[in-house]
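Here are my quick notes on the fold, jotted down while going through the sheets and a helix pair. Have a look at the model first, then read on.

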Amino acid sequence: LQIIHVYADALWSLCVERGASPPNEGFTSVIVGPAESSQKIEDDESYEDESAQENTQEDSANPAEELASLHVDEEQSAAQKQDVSVQEMDELLEHSLYSAIKERVSPDSLPLPSSSLLSQHMMVYSPPNIHMDVKKSSYKKLTKFITAMSKKGVIAVKDQRGELVITAIHPNHKSIADFVPLKINSSSSQQDSQGASGAGSSSKSSSGDRRKIRVLSLRRLKKSDVSSPIFHNMNTKELYSESQLRDAILHYAEANDLAVKKSADVRVDMHMADLLFSRKKERIPDVISKQDLVQRTIAATTLYTVIECDGQDPHIHAGDFPRIFLSTSTHGKRVSTAIENMTPYFIDPRDLSALLRTRFACSSSILEPSSKKYNGSSVQVQGDVVKAVSSVLVKEFGVPQRAIQCK
């Protein structure tokens, strides 16, 4: 350590004489103490030199030990990884594919890029001491291996922008039907699960435990019908089920002795006539069947749809239940799938986009809806995946199949 400038020395005084002020209060005499003696500085320098020499001697021994241990670790890791023959690597690839088809790949996950098939579904069957490498097989390239399995009839593929995409699997093929799947490598499966969970915290809540969505068709009375004695103690602020309306009209008929004895018919009085018939358009009958009476009573009210999800406030919609629309569009040679009007079913477009991006190994984006009648943003996914997206919405988001409409 060499000290060339200290507080209040000649250089400091020269700066003060020329009008230079200290940068801040830390350079004033209130804060800065007097310079230490040269003897103490020399003692400190000698102490630091001795400490540096001791540390140098200690450090000089450590790198050798570290290199030795590193060399041993490399030898151990090399010994752990077994060298396999070309034939053995071919068998590992084929058996891993068979195992993936029987246990991991479902028709709902198709189409599936070949690279995703290898990395997400086949690599988990690689033994801990063997590295699955297509280059060490007789196929040399993944495309050749996938093509060979396609010719064998195990899978069906198509070329999509230079990459082979699996479009169908055949688990009943004679090579797979009696095949016993390999054991999954625990470390690989753990990494695979971590990668899947990393797609977003929302995907865990949406796909981990299937959400329970209930779609209820309820009815609301019209203001003109509230005063009718048929709907005693009912109002327009509440929604009623069809069974409640059925009980109300049958109870009214029974209380007023309108039921025809030994028959399923009911006599029509003036209150029923006002509620159920249009005097200008149709003739009012004297009697009506109970079934027709209930149907006309329900039709005289306004339909509302209530969508409930655990832990969420219900969504109420006038009219029939809303639909989720799936459609495909072509831009040049590119095909994309759009998902619109999903928010009534408690689906966040960002969550769905992240899940589909991971599931199908393709790009996805969030866009403005194509029509003002759709609620929330829409999701666009690369490729024609209408059937696969429909399956995801039903199985993992709990959307009723009848609520999904494919354009």
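1. In this predicted model, five strands make up an open sheet with mixed pairing, ordered S11-S12-S10-S9-S13. Its edges are S11 (364-367) and S13 (404-406), each of which pairs on one side only. On average, neighbouring strands are turned by 25° against each other, ignoring direction.

2. Inside that sheet, S10 (residues 334-340) pairs with S12 (residues 378-382) in the antiparallel sense, over four bridges.

3. H13 (residues 386-395) lies across S9 (324-331), S10 and S13, and runs at about 155° to S9.

4. Next, the other sheet: three strands, open, in the order S4-S7-S8, with antiparallel pairing. S4 (213-220) and S8 (315-318) are the edge strands, each pairing on one side only. From one strand to the next, the twist averages 25°. S4 and S7 (residues 302-309) run antiparallel and are joined by eight bridges; in one of them, Val215 is partnered by Ile307 in S7.

5. How do H3 and H4 pack, and at what angle? H3 (residues 86-103) and H4 (residues 114-122) sit with their axes 10 Å apart at about 80°, so the two are roughly perpendicular to each other. On the H3 side the contact uses Leu93, Ser96, Leu97 and Ala100, which meet Leu117, His121 and Met122 of H4. By type, the contact residues are five nonpolar, two polar and no charged.

Definitions and conventions: Residues numbered from 1 in each chain as written. Predicted model: local features only at pLDDT ≥ 70, side-chain atom pairs only at ≥ 80, totals over all residues. Heavy atoms only, no water. Pairing = 2+ DSSP bridges. Axes fitted to C-alpha atoms, helices over the stretch in contact; angles between N-to-C directions. Parallel < 35°, antiparallel > 145°, perpendicular 65-115°, else oblique. Contact = heavy atoms within 4.5 Å. Nonpolar A, V, L, I, M, F, W, Y, C, P; charged D, E, K, R; others polar.
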